[in-house]
Amino acid sequence: MHALFSRVPSIDVTLYPRDCLHRDAHTVAGIVYDFLSEKLPFELWYTQTLAHEMRTCAGHHVLERRLAWLFGELSSYTVASVRGPLFQFLVHLLGTDKNIIVRCTALHATERLVGYEMREAEKAATLAKLRQGTAPAQPATPLVAWTPAHSHALFPLAFQLIHDLQTLQARQDALMAVGGIVTVLGGRLQPATAKVLMDGLQA
């Protein structure tokens, strides 16, 4: 091993103090985020702070994007009582009058929230089956917060976003997010929503 490393030419690297600070700041931020997310009383934070920001952020692109990103990142810490308003807000942020980056962030956050909502529904259905002494089956329990109205509003806006994006990579990412939502919802999609999907794919 020593002989192998001795063949590697030496490289002069100058490391400035600001580089160390930048790296350490990112490390600390990651540790603090992991710690706080586990201790976060999301419902209290929502009622005391986030709900107000949601009502007053219109036209403030940075704040809208931050809220959308937060709801996606913290999807596993949300509770059923606030997920309905969160879904409605994210669909609102997909509107064509919004900044394109805000719309992309809202779409990906919606995918994460829908995924978490589905896992919660499956968990509740499985627990109910186990309590009844029967084998777990494919859950038919409706999602608590996600409604057919959300689906019917979301997908036309999502396909319009895909059309408005300029790069192939961005379009692929958005299309994958739509595909993830469709996969998660599965048989819960209403016939009317399925038609909207087919129209969007053919556009």
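Predicted model: local features only at pLDDT ≥ 70, side-chain atom pairs only at ≥ 80, totals over all residues.
The expected span of a helix is taken here as 1.5 Å times one less than its number of residues, and helices themselves (H or I, at least four residues) are, like strands (E, at least two), DSSP runs numbered from the N terminus.

Residues are numbered from 1 along each chain as its sequence is written, and side-chain values use heavy atoms, with hydrogens and water left out.

The protein holds nine helices and zero strands. Of its 203 residues, 33% are buried, a term that stands for under 20% relative accessible area with a 1.4 Å probe and protein chains only. Among contacts (heavy atoms within 4.5 Å) with a separation of 6 or more, 70% join residues 24 or more positions apart.

Within α4, the buried residues are Glu 64, Leu 67, Ala 68, Leu 70, Phe 71 and Gly 72, and their cover includes α3, α5 (80–93) and α6 (100–131). Two packed helices are described by the angle between their axes and the distance between the axes; the axes are lines fitted to C-alpha atoms over the stretch in contact, and angles run from 0 to 180 degrees between N-to-C directions.

For α4 and α6, the packing angle is about 15° and the axes lie 8 Å apart. This makes α4 roughly parallel to α6, since angles under 35 degrees count as roughly parallel and those over 145 as roughly antiparallel. Residues of α4 that take part in this packing include His 61, Arg 65 and Trp 69, and those of α6 include Ile 101, Thr 105 and Leu 113.

The α3 and α4 pair packs at about 155°, with axes 11 Å apart, and these two helices are therefore roughly antiparallel to each other. Their contact draws on Phe 42, Trp 45, Leu 50, Glu 53 and Met 54 of α3, which meet Leu 63, Arg 66, Leu 67, Leu 70 and Phe 71 of α4.

Glu 53, in helix α3 (residues 42–56), is buried, with a relative accessible area of 16%. Neighbours within four places in sequence aside, Glu 53 is in contact with Leu 63, Arg 66 and Leu 67.

Notes:
Buried < 20%, exposed > 50% of the residue type's maximum accessible area, 1.4 Å probe, protein only. Parallel < 35°, antiparallel > 145°, perpendicular 65-115°, else oblique.
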